[in-house]
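Q: I'd like to go through this model before setting anything up. Can we take it topic by topic?

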Amino acid sequence: MKLGKLTDYRVNGQEVILDFEGREARIWVVTPYIINVFCGEDGNRPCSKAIEGDKMILVSPKVCQKEDGLWIHTGKVSVRVSDGFYVDFYDENGVEVCGDYRGERRPLQRVSKEVLKLLEEEGHAAQDHRQEHAFEVVKKMDASAHFYGLGDKTGFLDKRSYEYEMWNTDNPDPQVDSFKALYKSIPFFIALGKEYVYGIFLDNTFKGYFNMGQESESYYWFGADGGCLNYYYIAGESMAEVLKGYTYLTGTCPLPQKWTLGYHQSRWGYVTQEDVEEIASSMRKNDIPCDVIHFDIDYMQDYKVFTWNEERYHNDPKAFLDRLSKDGFKVVVINDPGVKVEEGYEVYEEGLHGGYFARTPEGEVYSNVVWPGEAVFPDFGNPEVREWWGQHQSFLLEKGVRGIWNDMNEPASFRGPLPDDVVFTDEGRKAEHREMHNVYGHLMAKAAYDGLKDLDGRRPFVITRACYAGSQKYATAWTGDNTSMWAHLQMVIPQLCNLGLSGMPFVGTDVGGFGADTTPELMARWVQVGCFSPLFRNHSAAGTRRQEPWEFGEEVMGIYRKYVKLRYRLIPYMYDLFFEEEQTGMPVMRPLVLEYEKEDAARVCNDEFMLGSRILVAPVVHPGMTKRMVYLPEGVWYDYWTQEQLEGPVWFIREAPLDCCPVYVRAGSVLPVMEPQSYVGEKPGDILYLEAYPGEGSWEHYLDNGEDFAYRDGKYHQYHFEVKEDGMVNGEIVHAGYDKPYKKVLVQRAGEKEWKEINHDR
């Protein structure tokens, strides 16, 4: 965005107003580490969907005019603004970290000039023609740069040399590396170089573009088709600090109910009460722990939202859900935004009367086709509509439903995509679909979350397919309609890790794959990854091979059981990670680079990941492999299965037969674990079990009721544990606010079988 010469400036507290020949622009000093760069038609900042509340921290920036531009100093970051609205960022030592590129963007020529000319003569659009965007920001890129984040994208962990689009997209084709967009649009990334790290968040909901060096080794660029130039530069000493800055702006994921960390079983094809009964009884009969059964679209009456097909559930679904609950199962049901056009249907009639549906530019209610047939779309940008939708969830809660699964909320439609000019609401003003598309799922999740919180009081469990930056405040997410193929198992690790680096910590994939037919080997290897994924759900499409654990023979079912039980053992550890995440923004599932960003091998590691800071997982993600190369970063590690001690950084070959997923624990770790049980809460949980690995280290463990928000009022216990070189553990209570603390704490040192009680109430 070139605005001509800088002619004047004014300072208004933490705002610097810049007068250029072409237009006015602004720089806001949000915190000493976060700078907001803005340029809009009328100078007014739009209402952010990602950022709620005032994030300004008191800073007294120093502003001075020099020959090379206007300088803004915060004490941690220096910003230079020069003619042309070039904006460069420097660290506190005066070293340039992120600078605007001064040359011309030169898009790659994909075909010859002769072919371009022929295409033009025949009236075809030529790919080489530079698309006009509302704005573009072009940044310098050096040889050491790696890029992470950008939400839910295909391909590998490092996004350098790829290009992406921010446009929530339901594409039924098997997802491959060349896909530019999937279901989620999170326009935030972290840049990591040899001597620097920073983040950029483009808070713009229009269709966006991120070209991360795909067309040049000298620069990367980002832009959008409409709206304001509105990006945040986030500084920090590490990736973790940058991520903390981003989640300071957009929010963190609230601590989930503990049962949501258990195993979830789902399939599009559980049509009747008998289908669900069979799944539930088989889980218990086969000794496979399970907390959640998901109901897909067939539970509804004619696919109408907020209805139940009573005939398929013997006219008493509440009684059935009550019986499931007594056996430890919670029910999560799907909910789509498309409301069936049907005279007399209460939800449709109410929405029509209230003016709650999106409209055509001519003022008619807009309709398209989704699962129930002709359908209309709630205008979730209207707060009144969100409240109406949220309160309708009482229909489901009264039957015993414990969670809502929002699908088709890109929004998806069967009769072509929604036109760009369909009219929605943006918090009181009219806005077109092209502006609201990327936040439709985000706002639907907010409606569901707020409604459940108000109606139920417990921490809402909302799953969403589509989302935007900040959706982590309202929902967990899954990666949508993946496919039962090895390439998609390989993609799980970078995909979920990049979502975590984009502020979305509670994420998972459809274990086994949604579309096509999985194989016994693929299922065995996928459950080993799912075991350590924050959201652990097996889900598949109607018409595909069934994917329940017992469908693949005794060997695979035994492997499945082993890793589901391991997941349940680790739930207290994962719950601690979610408590940490709410405070710091650190994801539960982490790429190695987040913990070891100085190690070159960690920066490009696509087939290993960390569960928190203590556990490293190196799964097998290729068919036919019974051993694999493992990389361990610096430090001392213990093989989880054999207790063998290893020292990194090191590469080595690890035997990995079908029943083995290599797992390593950092020396000095204390892992809180849970005794075996079929579902969360089956046993009292009044004893804490700790696995200790010799080496200097510590751990913070949290205990609360696992359901409501009382922990935010201090009603929790916090335990601090120290482990020594010999594996001995000392513990103390550093916060006592929960009325059901542990009766005792038992420790088992690595390599030993005996559990020993320790004093923990000092």
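Q: What is the average pLDDT of the protein chain?
A: This is a predicted model. The protein chain averages a pLDDT of 96, and 97% of the residues score at least 70.

Q: Which elements have the lowest and the highest mean pLDDT?
A: Helix H1 (residues 113-121) has the lowest, at 68, and strand E36 (residues 615-617) has the highest, at 99.

Q: Salt bridges next. How many in the whole structure?
A: A search finds 50. One of them joins the side chains of Asp152 and Lys184, at 3.2 Å from N to O. Asp152 sits in the loop between strands E11 and E12, while Lys184 is in strand E13, 32 residues apart.

Q: Are Asp152 and Lys184 buried or exposed?
A: Both are buried.

Q: And Glu427, what does its side chain meet?
A: It forms a salt bridge with Arg386, 2.9 Å from N to O. Glu427 is in the loop between strands E26 and E27, and Arg386 is in helix H6, 41 residues apart. Glu427 has a relative accessible area of 34%, so it is partly exposed. Arg386 is buried because its value is 11%, and the cut-off for buried is under 20%.

Q: What about Glu410 and Arg465, where are they in the chain?
A: Glu410 is in the loop between strands E25 and E26, and Arg465 is in the loop between strands E28 and E29; 55 residues separate them. Their side chains meet in a salt bridge of 2.8 Å, N to O. Glu410 counts as buried at 1% relative accessibility, and Arg465 is buried with a relative accessible area of 1%.

Q: Which residues are linked in a network of salt bridges?
A: Arg10, Glu15, Asp19, Glu24 and Arg26. Arg26 is in strand E3, and its side chain makes a polar contact of 2.8 Å with the side chain of Glu24. Arg26 is buried, given its relative accessible area of 16%.

Q: Changing topic: what is the strand order in the open sheet of six strands?
A: The order is E34-E35-E36-E39-E37-E38, with antiparallel pairing. E34 and E38 are the edge strands, each pairing on one side only. E37 and E39 pair over three bridges, with Tyr638 opposite Val665 in E39.

Q: Last one. Which residues make the nonpolar surface patch of about 350 Å²?
A: Met629, Trp651 and Ile653. Met629 lies in strand E37 and counts as partly exposed because its relative accessibility is 42%.

How values were computed
Residues are numbered from 1 along each chain as its sequence is written. This is a predicted model: local features need pLDDT of at least 70, side-chain atom pairs count only at pLDDT 80 or more; totals for chains, interfaces and linings use all residues. Side-chain values use heavy atoms; hydrogens and water are left out. Patches are made of residues with over 30% relative accessible area and no salt bridge: like charges are joined within 9 Å, nonpolar side chains (Val, Leu, Ile, Met, Phe, Trp, Tyr) within 5 Å. Accessible areas come from the Shrake-Rupley method with a 1.4 Å probe; for residues, only the protein chains shown count as cover. A salt bridge is a side-chain nitrogen of Lys or Arg within 4 Å of a carboxyl oxygen of Asp or Glu. Helices (H or I, at least four residues) and strands (E, at least two) are DSSP runs, numbered from the N terminus. Buried means under 20% relative accessible area, exposed over 50%, partly exposed in between (1.4 Å probe, protein chains only). pLDDT is the predictor's confidence in each residue, from 0 to 100. Two strands pair if DSSP finds at least two bridges between them. A polar contact is a pair of N or O atoms within 3.5 Å; within protein, one must be able to donate a hydrogen and the other to accept it, and residues adjacent in sequence count only if both atoms are side-chain atoms.
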